[in-house]
Amino acid sequence: MLAMSDVNIDLFLPLFANTGVPVAFLVPTPTGYEKSIMDATAPVRELLLNSNVHNYGEQLQGPANKSKVKAYFVGTSALTETAASLYRPVTKKGDPRIWFANLKHYCRPCNLLAIVVINRELYVFNLSDLSIAHSLINKGFAYDILEEAAYKDRAVAEELLQKIRIIHEQGFLRSVTPGDPGVGDTLEHALGISRNNSKAPDYFGIELKTTRLTRNGSRRAVTRSTLFTRVPDEGMTYREIVETYGKWQIPRGEELARLQLYETFRCSRANAYDLMLSVDVNADKLCILHQEEERRKFVSAWQMKNLRAALLTKHPETFWVKAVSEKRNGVEYFRYDRVLHTKNPNISLLSPLIESDKITVDLAAHFKPDGKWRDHGILFKMLPRDLPLLLGEPKEYIL
C-alpha cells in the first residue's frame with residue numbers, strides 16, 4: 001500500500017516518532033478514489049479501536065450499519081470539518097471500508113494521508129501537499145495539531161523526575177549493597193522502592209536503568225541493535241525454513257560442511273537465499289516469501305499484533321539514570337546527576353519502518369555435521385541511528 005505513495009514516508013517518520021502520536025497511513029488508489037472507497041487497513045482499524053472511536057469487528061454489514069465520525073482535514077492555517085464514514089459492505093465478505101466526505105477536494109490519488117485521533121475525532125494530514133508538509137516540518141499550524149494529539153498526562157514521569165532531583169540534592173549516598181547492583185539498589189532504596197524479582201516496571205509503569213558515569217568510557221563498533229526476537233506464528237517453522245532453503249557451506253576454520261542459513265531479510269529485495277519480507281497491511285501480517293522466478297511463494301508469517309506486543313514488552317518507558325561514583329574508606333557512594341527519559345516505542349510505526357527497510361530481520365541457524373540443531377534466534381534489528389524513528393528523541397535532564 002505505501003509503495004503506491006507519491007511521496008517518501010521516510011521524510012515524516014521522525015515527526016510521528018518524536019511526538020509519540022499513534023498514526024495510521026492511507027494511500028487512496030486511483031480506482032478507490034474514483035469510487036469513493038478506501039480499505040480500512042489493519043493499522044487504521046487498530047488506531048480506531050485503541051482510540052475508542054470504532055470497532056469494525058463488532059460492526060454488521062450493510063448501509064444501515066454505517067457509522068459516521070466527526071473528522072477534520074488539516075490545512076496550513078485552519079481545519080476543514082468533514083465526516084468519516086466507517087462501514088462494511090454487503091459484498092466482498094464485508095471488508096472494512098473508510099471514506100471522508102469531500103476527500104476529492106483535499107487530495108489526489110496516490111497521495112499519502114496520515115490519520116491521528118484527538119478526543120475521538122479524526123484528523124487527516126495530506127503529506128503529499130507541499131504546503132502541509134512544510135507546516136509540519138517547520139512547526140507551523142499543522143505541527144501544532146500534531147502536538148495537541150501528542151499531549152497526554154505526564155504526571156507520573158514529572159513526579160519521578162522531581163524525586164530524583166531531590167535525591168541528587170542530597171549529594172553522595174552510601175551504597176546499600178556492595179558491587180555492581182549497588183548503583184541501582186541505592187537509588188531504588190532512596191525512592192522507597194522495595195527490591196524484588198518482578199519483571200514489572202519499577203515506578204508506576206516506568207522502568208529504572210541506573211549506571212555509573214565513571215564506567216561509560218568504552219566504545220563499540222556501530223552494529224544493528226536487536227529490538228526483540230520472535231519465531232513466526234504460522235507457516236514453516238524456523239527449523240523447516242533452514243531445512244528447505246538453507247545451503248551447505250563450510251564455516252571458516254571448519255573442515256566439514258553444514259546446512260545453514262545466516263542472512264538478513266528485508267522488504268525491498270530478496271536475499272541470497274531468494275527470501276524476503278512483505279507486509280500485508282490488510283491481514284496485519286509480516287510474511288516471509290520465497291522468490292521463484294516471476295512468482296513469490298508464501299513461507300511463514302508473524303501476526304503484527306504479536307510483534308507490536310513484543311516491542312512494547314521489551315522497551316517500556318524508561319528513566320536511564322547516570323550516577324557519579326566515589327570510594328570512601330572502601331565503601332562506594334553515589335550521586336545521581338543525569339536522567340535520560342525514553343518512552344514506549346510508537347508501535348503504529350512498526351509496519352512502515354519494516355516496509356521501508358529501517359527494521360530488518362536476521363535468521364541465524366544451522367545443523368551441525370552430526371545433525372544437531374543450533375539456532376541464535378530470529379532477530380528484529382535496527383541501526384542505532386534509526387532508533388529515534390521508533391523511540392523518539394530521548395529527553396535528557398542534567399540534575
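This is a predicted model: local features need pLDDT of at least 70, side-chain atom pairs count only at pLDDT 80 or more; totals for chains, interfaces and linings use all residues.
Which residue, with a positive phi, follows helix α3? The residue is Asn52, and its phi is near 60°. Residues are numbered from 1 along each chain as its sequence is written, and side-chain values use heavy atoms, with hydrogens and water left out.

The chain contains 11 helices and 21 strands; helices (H or I, at least four residues) and strands (E, at least two) are DSSP runs, numbered from the N terminus. Its C-alpha atoms fill a box of roughly 80 × 65 × 35 Å along the principal axes. Of the 399 residues, 46% are buried, where buried means under 20% relative accessible area, exposed over 50%, and partly exposed in between (1.4 Å probe, protein chains only). The accessible surface of the chain comes to about 21,000 Å², and carbon and sulfur atoms contribute 48% of that area; accessible areas come from the Shrake-Rupley method with a 1.4 Å probe, and for residues only the protein chains shown count as cover. Among contacts (heavy atoms within 4.5 Å) with a separation of 6 or more, 63% are between residues 24 or more positions apart.

Helix α3 spans residues 42-50, and its buried residues are Ala42, Pro43, Val44, Leu47 and Leu48. The cover over these buried residues includes the strands β1 (24-26), β4 (79-87), β5 (97-100), β6 (113-118) and β7 (121-126). Beyond its neighbours within four places in sequence, Asp284 is in contact with Ala42, Glu46, Trp302, Gln303, Met304, Lys305 and Arg308. With a relative accessible area of 12%, Asp284 is buried.

The nonpolar interior can be considered next. In soluble globular proteins, nonpolar side chains tend to be buried together. A nonpolar core is taken as a set of buried Ala, Val, Leu, Ile, Met, Phe, Trp, Tyr and Cys residues joined through side-chain atoms within 4.5 Å. The largest such core has 95 residues, and those with the most contacts inside it are Phe16, Phe25, Phe100, Leu122 and Phe125. Apart from it lies another core of 19 residues, including Leu160, Leu173, Leu191 and Ile193. Leu191 is also one of the buried residues of helix α7, along with Gly182, Val183, Gly184, Asp185, Thr186, Leu187 and Glu188. This helix (residues 182-191) is mostly covered, eight of its 10 residues being buried, and Gly192, with a positive phi near 80°, follows it.

Aromatic residues form a further theme. Rings of Phe, Tyr and Trp (its six-membered ring) pair if their centres lie within 6.5 Å; planes under 30 degrees apart count as stacked, over 60 as edge-to-face and the rest as tilted. The whole structure holds nine aromatic pairs. One of them is the edge-to-face pair of Phe16 and Phe25, with 5.7 Å centre to centre and 90° between the planes; both residues are buried. Phe228 and Phe380 form a stacked pair, 4.6 Å centre to centre with 20° between the planes. This pair links distant parts of the chain, since Phe228 lies in strand β10 (residues 225-229) and Phe380 in strand β20 (residues 373-382), 152 residues apart. Phe228 and Phe380 are both buried. Phe73, Phe100 and Tyr106 form one aromatic cluster.

Nine of the nine residues of β19 (residues 359-367) are buried, so the strand is largely enclosed by the rest of the structure. In a regular strand the side chains alternate between the two faces of the sheet. On one side of β19 the buried residues are Ile359, Val361, Leu363, Ala365 and Phe367, and on the other they are Thr360, Asp362, Ala364 and His366.
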